Structures are given as structure tokens and as C-alpha cells.
Amino acid sequence: MSFHPKMAYDATFHQSVRTLVEEGPPFEYTPENRSRFDTVVARYPEGRQRSTVLPALYLVQYQQGYITGNAMRYVADLLQITAADVEDVVSYYSMFHTKPVGRYVLNVCRTLSCALNGAERVTEEMCAKLGIKPGETDETGTFTLLEVECLGACDRAPVVLINDAWHECLKPEDVGRLVDELRARGEAAVSGCHHDVEPGTT
Amino acid sequence: MSETFLTKHVREPKCVTLDFYLAHAGYDGLKKALALTPDQVIDAVKTSGLRGRGGAGFPAGMKWQFVDKKSPNPKYIACNADESEPGTFKDHLLMERNPHLLLEGCVIASYAIGAKVAYIYIRGEFFHVQRVLEGAIDEAYARGFLGRNILGSGFDCDVYVHRGAGAYEAGEETALLESLEGKRAQPRNKPPFPAVVGLYNCPTAVNNVETLCNVPLILREGPEWFAELGPEKNGGPKLYCISGHVKRPGVYEASMNITLRELIEGQAGGVREGRTLKAVIPGGASVPILLPGQLDAQASFDGIQSAGSLLGSAGIVVLDDTTCMVWLAENLLHFYRHESCGKCTPCREGTDWLYKILQRIERGEGALRDLDLLAGISGNIGGKTLCAFGDAAVTPVLTTLKHFRHEYEAHIREGRCTLPADWRAMGSVHAH
């Protein structure tokens, strides 16, 4: 029923397509990602496929580096929710990028235990080395520098999350070398998370 | 060092494998549990006195008993592995190095409350932890510890890992459920509690990783053994995360008879050479600070509470004499401002105001009236929000104002930070 003569609360009312701009190239999962999606969606009960929104968005981000309006629409269609529902989630969680990022995203932990061990200086050194400020990408598109909140490895401070790998106990004076090694050796330069835990296997 | 149970083997090679786990009494607790009725399992956990290790210290057995068993809906276990409290990294170690202990705990918990599915919600940044857990889950399925008809008991249970995407608030139990349902991690109004209306509106028990890891020990060694390990009502082994200005930061396991002094000066080697202890945050960023004179407090839930703080998540952050307390409050309010989920206005707006005022004082641009403003705003946030985030967010402000008001006044009087340490970046990139 309608409370306003010009506003019909009929079945189509809640299916407004106003919300999300068509942005970026057309989006579709690769067959591999589509099959990964199908595996994950089966973990949730019938009719609760919305639970898959975070894994589905991660797959988008792996595939094209960041999440566009078109990708959000695609995910919404897959999960049978509105594009606004997906945008709501994308805009809330800090690990989703809606703008292109560099080949390496350097997430420097800035919270207390890392800061007590020099994280502010790590960021400072990174800014100087890369010529960018936190939140920016260098002009070659290789590095994006971000400051993030507590990563949960406070005993190995300061910690930097580089894409999906951890680099631990990074002293400010070693920042320059790490950046150079990332350029030269890629992900092999990252210490990983098993620092001094499993001898001989790291 | 006293005997350890949760972390006994975590520094040995291959300790994450099922074979290693089985060679060290792994899944014995599950076997014992499956021989009991679900109610007997809950009784055992109640008798043990196991208190939740996530922060609130609520008895785990009670939580399970509250789960509405008569409901026709499915029941769920949601394991809270969204470890994000600044200064806390114990669950990280447990999952990384002892994943089968957690899986065993999840299956026992599911059996106790009648759930057939357990979701382990890990934080988004734990990429490597997801790999370890999923590897362990695959092994457990292959050997009949998960899936249909576990160990021939007729009990079915699936365990899945669900990775978040960067939100501290997802560690709040109802916000975790919202996030698991595919929405923003924002808390729900309580009551109803998750035990009645939880995941997908079904009865759900939300338990911390360390809590669930203790459950197999209770079944294996007996609830009396567990209760006697530690002071009254604070039984069982406990993991302590020690970080900040100490010589040997790390995760240390002890019974809760231990004192803060034994942990900080003994286990972690004390503060670094040439420095003195200034203050200790005993339970993650959200709890009041303790002063050096209070180090003999027992590091138990009740012991720390009598000392005027909370054990919380047992994230002990040690601060030496180079730490500026105004800077500390500013650093933590930056965290809370960023992580406030935005649902309740006092917290969303108030944390921003607090941060801006603290930043102003730290830069030397504050006025004495700002101190009353800080206290006033804090009073309008604490207790006025849906979840405990609001209370947590104002704690660093109130506790530093209480114990270190003279440092705030010195900043205002001298128009600069009066304690600039060499480990900080003074100005430049952070002046935004």
C-alpha cells in the first residue's frame, strides 16, 4: 500500500538500480575463480549465500587488483543481493581497495606495540625512500604505502604486511634495503611469519 | 618455566601436522567427549571453571548451557579468531602452530551444544593462518576427525574457516555474526543474546580460540585437574602476550598464580638496558594502565581486577620511561577512531573529537580547558553505546588523565611534547 499518491510501493520498488555507477571494465570471474566461488558458497546453508560476500570480493580483488562498480554488480547478481548491499560491505572493510594499487601494497602497522618499537620511523623511511606519503602509490605503480591498525604480531614489531605476506621486526634502518630487495627479488624478500619458530624451514 | 600445555610443542618442527598431534595425545579429548552425553560435556566444562579467554572472562560452560537446545533451528559454533586487540597475539600463535587443538575444541563444543557446523572467523590479515588451518582441516577430514560419523560415533560436524577483511569491531560477538552473515561488522542490540538468536537467527555459541583450545585439555585431563591449575575461579593454563619495551617480547604460558612481575621481569626479561618501567597495560589497549608499584598483582582475571584494571585478552604492553603518555593516548585514539564501526553516534563522533583534541595537545597547541573537555566527552561515550567498544575507547584517555595529568599539563604549559623519544617520528609524515 502507498502512503503517497505518486509513490507506488509495489514489487519493483525495492529493486531500484539507482545506486551504483557502472565503473571499470566489464567484470566476470575467470573459470578458476568461478569454481573457487562455487566451493566457498557451498559452506553456508541454503539461502544464506550472502555470507560469501567477503570471499567473493577477495576473489575480485585477486583477479583485477581492486574492486570496481561493475565487479560489485557482478557479485551482487551472483549472491542475489542488491548492489548497494555489496557496496555497503566494500566501503566498510579496510582491506578492500576501490582504486588501483601498486604491485606491492606495504601495510605498516602503526598501533601501540609497533609504534613503541619504531613503526613511525619505518613509515618515515618508506616515505623518504619511495617519495610518497601514506595512502599514495609511487609513479611506477610498484608500491602503495598504507598505515594500518594493529596486525596482531606485536612481539615481532614493527610488522609490515606486504600483499598477503608478513615482514617482521623491520628496523627503520633496514627499510631502504627491503624496498630494494622487493624490487629485485619480489616476494622472496619478505621474511614471512614463522620467524624464529620453526628452525630450518623458513 | 612452569609446565605448559597449550604451547608445549609449538617450537618443534612439524608440530602443525596431524601425525605429530596424534603422537602427543591429540584428539584424545574428543574421544572422551564422544563417550559422554552432550550435557555431561557441558558439566565437565562448568566444573573446570573455564573462563572465556577473549576478554570478558565469562564462564564458557554457562555460555554453552544458555544455548537454546529446544529450538528447532540448527545450532552453530562461531569461533572468534578475529584477534585484533592491540597488544594481543596469542590466538595467532595457537592457530599458526597448534591448529588441530583448535579443531578438536571446535568439534567438542559443537557436540556439546548440538551444532553440526562450526565457523572459525579469522581476521582478514591472517592469510598464512588460513592456509595452516585449512591444511589441518583437510587432514582432519581425511582421517575421520571431521565430517560424517566422526570416529564412528554417529556425530557429524563440519568446520570452515571464514576470513574477515579488516575490522576490529568484528571481534565483538554480535558484530562477528553480522560479518559472518555477509554484512558490515556492526553490533546488534542485546538481548537477545547469540545463545538464543545468533548466526542466521539460530542459537549460537561464540567462543574465543584460546577458550576452545582449553576444552580438549579439560576432557583429557579432567575438570578437577584444570580447576586446580591456578587460583580459585581462575583455573587452567593461560597465555600471556608480552610486547612493547621488553627484552624478550612473546607469548608466555603460565597458570594464573603468576604475578605481573614474574611475567614481565622474569619471562620477558624486563625493560631494556638503561631504562626504567613507567607503566603497564595488562590486558590489551582497552583496559586501564597499572603503575610499577602494582606489579605484584596476580595475573588472573580476579587479581588484575582487584588491582584496578582488567586481564582482558592478556595483551601486556610494557611502557618504559621514554613513553609520552599523551602520545600513547593519541596513538590509541587514532586506532579507536579508525575502528569505530559508526553505528552509535557517541562512539562514532566522540572518538574523532577525542583524537583531535589529543593531537592538538600532543602538538603543543592545547589549552587547560581541553582536559575537562576530554573527560566530559569520555563521560558521554562510556556506557552509552551498544557494545563495549565505547568504554574501551575512552579508557586510554581516562586512565592517562588519572595517572599522568601532569604530563598533559606540561605539554600545554610548554607548548610542545615534553618527552620526544628517539623511536618516534617527530613531525613530517605524521602531521596530517
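Residues are numbered from 1 along each chain as its sequence is written, while chains are lettered from A and ligands numbered from 1 in the order in which they are written. Since this is a predicted model, local features need a pLDDT of at least 70 and side-chain atom pairs count only at pLDDT 80 or more, but totals for chains, interfaces and linings use all residues.

**Stop 1: Colour by confidence**

Colour both chains by pLDDT, the predictor's confidence in each residue, from 0 to 100. Chain A has a mean of 89, with 86% of its residues at 70 or more. Now select residues 198–202 of chain A: their pLDDT is below 50, and beyond near neighbours in sequence this stretch has five contacts in the model. Two residues are in contact if their C-beta atoms, placed from the backbone, lie within 7 Å. Chain B averages 95, and 98% of its residues score at least 70. For the complex, the predictor gives an ipTM of 0.93 and a pTM of 0.94.

**Stop 2: Where the chains meet**

Show both chains and look at the contact between them. Chain B brings 50 residues to it and chain A brings 45 residues. On the side of chain B that touches chain A, the elements giving two or more residues are α5 (90–97), α7 (127–142), β3 (158–163), β5 (237–244), β6 (250–255) and α13 (325–339) of chain B. Helices (H or I, at least four residues) and strands (E, at least two) are DSSP runs, numbered from the N terminus.

Which element gives the largest share of this side of chain B? It is α13(B), with five residues. By class, the side of chain B that touches chain A has 20 nonpolar, 18 polar and twelve charged residues. Here Ala, Val, Leu, Ile, Met, Phe, Trp, Tyr, Cys and Pro count as nonpolar, Asp, Glu, Lys and Arg as charged, and the others, Gly among them, as polar.

**Stop 3: Stay with α13 of chain B**

Axes are lines fitted to C-alpha atoms, for helices over the stretch in contact, and angles run from 0 to 180 degrees between N-to-C directions. (Angles under 35 degrees count as roughly parallel, over 145 as roughly antiparallel, 65 to 115 as roughly perpendicular and the rest as oblique.)

Show side chains where these helices touch: among the contact residues are Leu328(B), Leu332(B) and Tyr336(B) of α13(B), and Val397(B), Phe404(B) and Tyr408(B) of α16(B). By class, the contact of α13(B) with α16(B) has twelve nonpolar, two polar and one charged residues.

**Stop 4**

Select helix α2 (residues 53–64) of chain A together with α3(A). Their axes come within 10 Å and cross at roughly 145°. Residues in this contact include Leu57(A) and Val60(A) of α2(A), with Val75(A) and Leu78(A) of α3(A). The contact of α2(A) with α3(A) divides into eight nonpolar, one polar and no charged residues.

Helix α3 (residues 69–79) of chain A packs with α4(A) at an angle of about 120°, with their axes 8 Å apart. How are α3(A) and α4(A) oriented to each other? They are therefore oblique. Met72(A) and Val75(A) of α3(A) are among the residues in contact, as are Val86(A) and Val90(A) of α4(A). This contact of α3(A) with α4(A) has six nonpolar, no polar and three charged residues.

**Stop 4: Backbone details**

Most residues other than glycine have a negative phi, and most peptide bonds are trans.

- Ala157(A) and Pro158(A) are joined by a cis peptide bond, with omega about -15°; Pro158(A) is in the loop between β2 (143–148) and β3 (160–162) of chain A.
- Pro191(B) and Pro192(B) are also joined by a cis peptide bond, with omega about 5°; Pro192(B) is in the loop between α8 (173–180) and β4 (204–208) of chain B.
- Ala25(B) has a positive phi, near 65°; Ala25(B) is in the loop between α1 (18–23) and α2 (28–35) of chain B.
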